[in-house]
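Hi,

Here is the structure I promised to pass on. Have a look at it first, and my notes on its salt bridges follow below.

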Amino acid sequence: MKRVRMAAMIVLGMAVSGCTAVDTVSRSTPFQGPTAAATAPAMQVDAFQVRVPRSLKASEANLFYPPGDIVWRGEPLGDRHAQVQKIFEQSLEMGTQGAKGAVPVMLDIEVNRFHALSEKTRYTVGGRHEIRFVVNFLDPETKEPVAKPREIDATFKGYGGTRAVEAERNGMTQKVRITNHLAGVFQKELGVKGDLQEDPAENRSAGVSHDAASPLQTGARTNSLF
């Protein structure tokens, strides 16, 4: 019960923040309690799991904007769902290091969209890596929610044309960029200090976070988290 009350305080602090700046979406405020220091994460990440539902459609069409929920060409042809899951797991492993706050949690991630660039787009005009997912905050022991689920939009700019080719030559592949970007998102929003950084603001869309009444249900827009 003590853990749930502490989580409730965190949610209350988020709600107060949302009421004071309803129209402003911020990615600079860590997920923390109302009295926590700016550099001290409120949550201790004890574990995480990533789910990429098989209901998400993967497309291999080489179009400028292929239809489908998963478009991923940064690895050899294979199980795209499993590849996306591995990318999230690697980013979480990197981004949650040092998250040692007061409330132990298990992060349960469900991917809703992972639409990177097709070959045709990457080597011509470029585009955006559209990445959306839901974060559920669970008690590591009981697996019961300790905070409301959050829907995250981590979309950012993908390189195109000559810039994409040069990035590949320097080892900055789509997989490396996306993994580092997601790791930076998790690290920043958990209030963890480190060297990982998101891409510059001009290279990503504004991050959007939504309250959710229950897992996988989207609620009102807020400025409290991502």
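Let's start with Asp-79, which is partly exposed at a relative accessible area of 34% (buried means under 20%, exposed over 50%, and partly exposed in between, with a 1.4 Å probe and protein chains only). Bear in mind that this is a predicted model, where local features need pLDDT of at least 70 and side-chain atom pairs count only at pLDDT 80 or more, while totals for chains, interfaces and linings use all residues. Residues are numbered from 1 along each chain as its sequence is written, and side-chain values use heavy atoms, with hydrogens and water left out.

Asp-79 makes a salt bridge with Arg-54, with 2.8 Å between the closest N and O atoms (that is, a side-chain nitrogen of Lys or Arg within 4 Å of a carboxyl oxygen of Asp or Glu). Arg-54 itself counts as exposed, at 59% relative accessibility.

There are nine salt bridges in the structure. Another one pairs Arg-51 with Asp-108, at 2.4 Å between the closest N and O atoms. Arg-51 sits in strand β1 (residues 43-51) and Asp-108 in strand β3 (residues 103-115), so this pair ties together parts 57 residues apart in sequence. Strands here are DSSP runs of E, at least two residues, and helices are runs of H or I, at least four, numbered from the N terminus. Asp-108 is buried at 4% relative accessibility, whereas Arg-51 is partly exposed at 32%.

Glu-75 and Lys-175 also meet in a salt bridge (3.2 Å, N to O). Glu-75 is in the loop between β2 and α2 and Lys-175 in helix α5 (residues 174-189), so they link parts 100 residues apart in sequence.

Cheers
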